[in-house]
Amino acid sequence: MNPDQLADHLYAIVTRVVERRRGGRGSVDSLVARTDIRLERPRNRDHGDWASNVAMRLAKPLGVSPRELAEEIAVDAGRLEGVASAEVAGPGFINFRLDAGAAGVVAKVILDAGEAYGRNVTQAGSTINLEFVSANPTGPLHIGHTRWAALGDSIARVLKASGAQVASEYYINDAGSQMDKFGASVLAAAKGEPTPPDGYPGQYIADLAAAVLEREPDLLALPDDEALGRAREIAYELQLAEIRQALRDFNVEFDVWFSERTLHAKDPRTDRSLVDDAVERLRAQGHVFDRDGAVWVRTTDFGDDKDRVIRRSNGVYTYFAADAAYYLNKGDRGFRHKIYLLGADHHGYVHRLRALAGAAGDDPDRDIEVLIGQLVSINGAKLSKRAGNIIELTDLQRWLGTDALRYSLSRSPADSPLTLDPELLRSHTNDNPVYYVQYAHARTRSVSRNAQAAGVARSAFAPELLGHETESALLGALQEFPRIVAQAAELREPHRVARYVEELAGLYHKWYDSCRVIPLGEEPVTDLHRTRLWLNDATGQVIRNGLGLLGVSAPERM
RNA sequence: GCCCCCAUAGCUCAGGGGAUAGAGCGUCUGCCUCCGGAGCAGAAGGCCGAAGGUUCGAAUCCUUCUGGGGGCACCA
């Protein structure tokens, strides 16, 4: 008996009650949405294993008191198999208590499913393109990108676990003038000249220059134009490789690396690029006009505060044009839903992107979704390029460790400002929530190893014996995991998984403290010990699955 | 000026209209002869920024205000 099954039974009972009272005039569905009949885990354990507010929702439309209605529902609900009791409490809650056996079967369900436990089909049928990071390949990733890398990757994972067809995608801005500035900066460094105006400063440019010279020793003997091109291309290749490696080391996997150059490349047969086509497609939709020699998109039709130029009067496309082409290309590749993860410093793009969807003939409310995340600060200091106190992703990783860094970035919602305390993250103690969770996992593994040595095996499974209060608390939390994953996917909030595994770890530690898996001294091994081993192993599996969704390791030992 | 986000314990942060608002850290008190004490049990700590509104019920939804962060290019 899991909460979803119980909710189904409850719905059937409520349907009967409503029919009895209404005599066929008006169904349940006309009074309350099916999804509003939900079971929640009460905060207070005295309120049972699961609680429903359905009576309070229906009392008014039915014209009865919530408690009276709750009593009527509770009588039937109390007779359900697997339900030990259904009691009315407070203003009209119905509090359910499950039989230990009915609750305990989840341990077996989990171990049968293994890594698949938690997967669900709530997002089945949706095709989602999820774009994040997309940093210019003109320098290393810094902390500003780090949060989106952690978050975006975990969002992709929970979406996939919920049955969505997802492509996580990195848009490489490798076209345009910033690449030339980048190339010029590297070439200048190779020549030993100072950084050109508007160029990229930084030690990494000098390092790249050295690497470029190593690859192309005759670089400086080439004509200037050619040298610039070679420097730019080699440095680009090296820098992009470094970015990819940094993300791989951070357990961030992109399905697609999309080069902006793809959009500008002319098709040799038609001599047209995807950007050319995109502008014409928007024009055909009726949202493009010409003014002052430039081509504009009427983004104000879709809530933008001013119209945007897509092709300048000098004939050069703006960045917006590439954005449009890229957006259309995502749709052409079969992705109905496009998610963009942007930092708060880019929120000005939101209207523009939504306008793009509208101008392309899509529904801006349904086909495009822009997630805005707040910036991260360290020790209270905001980190920005302007302030010159950028910290690189790879430095942070080496400093704090991938697990601690990913976890701390993943355990808060994206729109919540986040301050990292490096001292705290470096501490390998309980100061650091990730260790609390990882320790719980390591402990399940240790118990499992010790159990084997002590002759306790999963040879018997008697869930009705799991009657201790810490056991019913742990079982209830284990039952919740699939809906936590589904919720994280639906809301694009992977931090819910982090908070969940923290709670689960806490419940496990409490259980461990009061219930032994391995008998003391000369006591005999009983089915209770064997069944507890199932529970121990199931808990380890769920913590492992949860951490996996966050890209954090679940160590066997610490 | 216009737009977006935030405000909850001393600190860092959770809390999708429900019951007595939570966790970790920090402070204080207990618990290791036996499965990992990186743990557990307990104490203290709150006008959920302010004021209105919606609701049987608001930290949560709406409006206004205050305070903080960010953004408003024929840049990329």
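Tyrosine 170 and phenylalanine 254 are both buried. They come from a predicted model, and their rings pair up: the centres sit 5.4 Å apart with the planes at 85 degrees, so this is an edge-to-face pair. The two residues are 84 apart in the chain, with tyrosine 170 in strand E6 (residues 165-172) and phenylalanine 254 in the loop between H9 and strand E7 (256-259).

**Aromatic pairs**

- The structure has 14 aromatic pairs.
- Tyrosine 508 and tyrosine 512 make a tilted pair, because their planes stand at 40 degrees, with ring centres 6.4 Å apart.
- Tyrosine 508 has 0% relative accessibility, so it counts as buried, whereas tyrosine 512 is partly exposed at 33%.
- Tyr170 and Phe254 turn up again in one aromatic cluster, together with Phe132 and Trp257.

**Arginines over rings**

- Tryptophan 257 has arginine 244 over its face, 4.4 Å from the ring centre.
- Arginine 291 lies over the face of tryptophan 296, also at 4.4 Å from the ring centre.

**The cavity**

- There's 1 cavity of 30 Å³ or more, and the largest cavity holds about 40 Å³ of space.
- Its lining includes Pro140, Leu141, Gln239 and Glu392.
- Helix H9 (224-249) and helix H14 (393-400) each bring at least two residues to that lining, and H9 gives the most, with 4.
- By type, the lining residues of the largest cavity split into 5 nonpolar, 2 polar and 2 charged.

Terms used:
Residues numbered from 1 in each chain as written. Chains lettered and ligands numbered in written order. Predicted model: local features only at pLDDT ≥ 70, side-chain atom pairs only at ≥ 80, totals over all residues. Heavy atoms only, no water. 1 Å grid on protein atoms, 1.4 Å probe; cavity = no way out; pocket = protein on both sides within 12 Å on 5 of 7 lines; lining within 4 Å. Points joined across faces, edges and corners; volume = space filled by probe spheres on them. Nonpolar A, V, L, I, M, F, W, Y, C, P; charged D, E, K, R; others polar. Phe/Tyr/Trp six-rings, centres within 6.5 Å; stacked < 30°, edge-to-face > 60°. Buried < 20%, exposed > 50% of the residue type's maximum accessible area, 1.4 Å probe, protein only. Lys NZ or Arg CZ within 6 Å of the ring centre and 35° of its normal.
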